[in-house]
Amino acid sequence: MEPEILHEQEGLKIKRNPKNGFVVATLHYTADPAKRSQKWIDTVRQGMTTSKFEREYEISYTAQFGERVFPEMLEKRELIVVSDFDAEGPVWAGFDYGARNPSSFHVYTWENGCFYAIWELYKPCKSIPEFALELKSCPYYGRLKYIAADPSLWGKRTHNAFGEPESVANLLIKEGILKLIPGSTDETAWLGIIRKHWEQDDPSFKICNGCRNLIREFEGATFQDYASDKLSANANFKEAVRDKDNHALDDNKYFFNSQPTVHKGFKNKKAENPINKWYGWGGQPRKHGNLGEGTPHTFTGQGNPYNPAREKEFDDHQLGWRVKKSGPSKSKADTY
């Protein structure tokens, strides 16, 4: 049953709950004619975040705690979220591992001067062999240049079938997920990259409809807020993104922080294209540097046999390495 409205005027509503008979009055600041001007609103909003103003003055029960990280997702949603399509350009992936929390895997491509997120797998990794099969069932898996992953995967945080300490990265490698590289966790750099892509009239990073969890997390991302108004009044705003429901955002961060490079044939021919400058595209393709934290050689470090310089030897459709005419490869993959 709907509540019975006993009285209603601008800024004031009185209603009775039909279930228990309680009378509830909701008083909004606009009940005072002196507080209905934009000048008054601008005055009280000084020093307040949008979410704080909505909670305290607009009586919004759905206002999120913390300022939105990506307001562009509301302002330019119709430009950022696009229809699904089959990618013909180069493809990469970002991967954030989770066993109890969702693991997030997204495929990204570069088409006509724009990055796109085009495919997603978003679920907890309860079984590494089963999850690896799902990764390899991705229609773009065989074309991936690399998978930029959570650098903590290279730490020995789990155990193999013999009870010996082993990294999740090694367990995935044994299941044929070979193109893993450690991504960078630099959040500040990643935020700057996304803002550059979305500050333009026509955004240069777009998300396909099928990647609904990535869309949801970009829409809901907020900065960390303080637990009380007293703490907020005596400290600067926190610059970190709230560490909740951010698994797809993390894989996106690993991907963009890996500074992807593309073949000349896929580059926008317009020299004034700003993305060519951001990523240093032009002339000879540049080599990747150290993308991981504490990993001296990103592509050749322990537990990571993939090396782009040997890409012709790499077989995306079989476990291990191709056998060269001169004999089998001595990659560390042979020891797994």
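Author: Arg68 counts as partly exposed, because its relative accessibility is 32%. On that scale, buried means under 20% relative accessible area, exposed means over 50%, and partly exposed is in between, using a 1.4 Å probe and protein chains only. Keep in mind that this is a predicted model: local features need pLDDT of at least 70, side-chain atom pairs count only at pLDDT 80 or more, and totals for chains, interfaces and linings use all residues. Residues are numbered from 1 along each chain as its sequence is written, and side-chain values use heavy atoms, with hydrogens and water left out.

So where do you find Arg68? Look in the loop between helix H2 (50-56) and helix H3 (72-75). The names come from DSSP runs numbered from the N terminus: helices are H or I runs of at least four residues, and strands are E runs of at least two. Follow the chain to Glu219 and you'll be 151 residues away from Arg68 in sequence, yet the two C-alpha atoms are 8.2 Å apart in space. Setting aside residues up to four places away in sequence, Arg68 touches Leu74, Glu219, Gly220, Ala221, Thr222 and Phe223. Contact here means heavy atoms within 4.5 Å.

Let's zoom out for a moment. The chain has 11 helices and 12 strands, and 46% of its 336 residues count as buried. Take the contacts between residues at least 6 apart in sequence: 60% of them join residues at least 24 apart. The chain exposes about 18,900 Å², with carbon and sulfur atoms supplying 50% of that. Those areas come from the Shrake-Rupley method with a 1.4 Å probe, and for residues only the protein chains shown count as cover.

Now for helix H10 (residues 247-257). Here 11 of the 11 residues are buried, so H10 is largely enclosed by the rest of the structure. Among them are His247, Asp250, Asp251 and Tyr254. Lys253 is in this helix too, and with 6% relative accessibility it counts as buried. Beyond its neighbours within four places in sequence, Lys253 is in contact with Ser184, Thr185, Asp186, Glu187 and Trp190.

What does H10 pack against? One partner is helix H7 (residues 187-198), at an angle of about 85 degrees and with the axes 9 Å apart. Axes are lines fitted to C-alpha atoms, for helices over the stretch in contact, and angles run from 0 to 180 degrees between N-to-C directions. This makes H7 roughly perpendicular to H10; the classes are roughly parallel under 35 degrees, roughly antiparallel over 145, roughly perpendicular from 65 to 115, and oblique for the rest. From H7, the contact uses Glu187, Ala189, Trp190, Ile193, Ile194 and His197, and from H10 it uses Leu249, Asn252, Lys253, Phe256 and Asn257. Sorted by class, that contact has 6 nonpolar, 3 polar and 2 charged residues. Nonpolar covers Ala, Val, Leu, Ile, Met, Phe, Trp, Tyr, Cys and Pro, charged covers Asp, Glu, Lys and Arg, and the others, Gly among them, are polar.

Next come the rings. The structure holds 22 aromatic pairs. Rings of Phe, Tyr and Trp (its six-membered ring) pair if their centres lie within 6.5 Å; planes under 30 degrees apart are stacked, over 60 edge-to-face, and the rest tilted. Phe85 lies in the loop between strand E4 (81-82) and strand E5 (91-96) and Tyr116 in strand E7 (residues 114-123), so the pair ties together parts 31 residues apart in sequence. Phe85 is partly exposed at 26% relative accessibility, while Tyr116 is buried at 14%.

Phe115 and Phe256 make another edge-to-face pair, at 5.4 Å centre to centre and 90 degrees between the planes. This one links distant parts of the chain, Phe115 in E7 and Phe256 in H10, 141 residues apart. Both rings belong to buried residues, and both residues are in one aromatic cluster that also includes Phe70, Trp92, Trp190 and Phe255.
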